[in-house]
Amino acid sequence: RHGAVKNEDTFKTSQFHLDLWFYFTLQNWVLDFGRPIAMIILPLEWFPLNKPSAGDYFHMAYNVITPFLLLKLIERSPKTLPRSMVYVSIIMFVMGASIHLVGDSVNHRLIFSGYQHHLSVRENPIIKNLKPETLIDSFELLYYYDEYLGHSMWYIPFFLILFIYFTGCFTPVEDESRMPVAALLLMGPSSLYYWYLVTEGQIFILYIFTFFAMMALVMHQKRKGLVLDSNGLFLFYSFIITLVLIAVWVIWLWNDRILRKKYPGVIYIPEPWAFYTLHMNNLHAAKESL
């Protein structure tokens with residue numbers, strides 16, 4: 001029966017999944033973080049503005065490889081997990097990532113026309129002068145699909161699958177609650193990527209609720225005499241380091257008045273690409289003018 005937990009496989013031993021975690025980290029950095037970088041550094045004549053960019057092809061590969069890796073991760077869980085929920089989450093993940101592919105493709109291509117990510121859609125100089133004004137509504141709709149609907153349908157299933165996997169990462173054997181050296185080496189790049197995911201995706205609420213759920217589960221299982229295995233520790237510690245990186249990021253940009261205007265409200269977490277178009281892009285332009 002799907003979703004049923006079998007007694008005999010509740011405490012199967014589970015070695016650290018070095019291959020899967022390495023592939024996850026590598027493809028996240030190359031295909032997700034590297035998307036906009038590839039689009040900017042590769043010659044524009046190779047990928048005209050009316051055609052998909054190099055970053056779009058990276059995104060397409062990400063949309064295929066990531067669901068496959070998530071399914072493989074679930075398959076290696078020492079505990080039988082609810083398959084129906086996993087499959088529905090994977091379907092939503094692919095839909096959300098695909099919606100984001102379209103919106104993100106157009107939004108990042110607008111950089112070449114002077115679009116500034118640290119400003120809202122209506123405040124951008126290249127947008128607010130459009131005629132008729134109803135075109136601005138169309139760009140706001142595109143932004144909604146990219147930053148809100150696409151991100152929600154992409155990241156909610158992603159974190160849900162990670163949490164479902166995390167529920168199976170408990171063992172009564174203390175010796176299995178140790179991370180190999182390879183896990184420690186991967187933890188830095190993995191945590192840094194999650195920092196990028198949370199800040200650029202503006203999903204701090206989703207991340208922090210997932211982290212709190214992990215903490216609650218750890219304390220609950222500890223009362224039963226169960227501890228996290230090496231894979232659970234890797235995921236849990238990566239989330240802890242991510243929280244520290246987010247705090248450092250926020251403190252560093254706490255007094256930035258322009259970004260404060262872009263991200264009002266109680267939760268202030270600027271996007272890295274907004275920071276780039278505000279500060280780094282201006283720095284590059286100043287160097288070119290010298």
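Is the crossing of α1 and α3 right-handed or left-handed? I looked this up and found the crossing of α1 and α3 to be right-handed. (A crossing is left-handed if the near helix is turned anticlockwise from the far one by less than a right angle, and right-handed if clockwise.)

**Entry: basis.** I am working from a predicted model, in which local features need pLDDT of at least 70 and side-chain atom pairs count only at pLDDT 80 or more, while totals for chains, interfaces and linings use all residues. Residues are numbered from 1 along each chain as its sequence is written, and side-chain values use heavy atoms, with hydrogens and water left out.

**Entry: confidence.** I noted an average pLDDT (the predictor's confidence in each residue, from 0 to 100) of 86 for the protein chain, with 91% of the residues scoring at least 70. Over residues 1–10 the pLDDT is below 50, and I recorded 15 contacts (heavy atoms within 4.5 Å) for this stretch beyond near neighbours in sequence. Residues 283–290 also have pLDDT below 50, with 1 contact beyond near neighbours in sequence. Where pLDDT is low, the predicted coordinates should not be read in detail.

**Entry: α1 and α3.** Helices here are DSSP runs (H or I, at least four residues), numbered from the N terminus. I found that the axes of α1 (residues 18–41) and α3 (residues 83–109) come within 11 Å and cross at roughly 35°. The axes are lines fitted to C-alpha atoms over the stretch in contact, and angles run from 0 to 180 degrees between N-to-C directions. On the α1 side R35, P36 and M39 take part, meeting H100, D104, H108 and R109 of α3. I sorted the residues of this contact into 2 nonpolar, 2 polar and 3 charged. (Ala, Val, Leu, Ile, Met, Phe, Trp, Tyr, Cys and Pro count as nonpolar, Asp, Glu, Lys and Arg as charged, and the others, Gly among them, as polar.)

**Entry: α2 and α3.** The axes of α2 (residues 54–75) and α3 come within 10 Å and cross at roughly 165°. I therefore list α2 as roughly antiparallel to α3 (angles over 145 degrees). This crossing is right-handed. The α2 residues in the contact include Y62, T66 and L70, and those of α3 include I90, F93 and L101. The contact of α2 with α3 divides into 13 nonpolar, 6 polar and 1 charged residues.

**Entry: F236.** I located F236 in helix α8 (residues 230–252). F236 counts as buried because its relative accessibility is 12% (buried means under 20% relative accessible area, with a 1.4 Å probe and protein chains only). Not counting residues up to four places away in sequence, F236 touches F166, F211, M214, M215, V218 and L228. F166 and F236 are 70 residues apart in sequence, yet 8.5 Å apart in space, C-alpha to C-alpha.

Notes. Helices (H or I, at least four residues) and strands (E, at least two) are DSSP runs, numbered from the N terminus. Buried means under 20% relative accessible area, exposed over 50%, partly exposed in between (1.4 Å probe, protein chains only). Angles under 35 degrees count as roughly parallel, over 145 as roughly antiparallel, 65 to 115 as roughly perpendicular and the rest as oblique.
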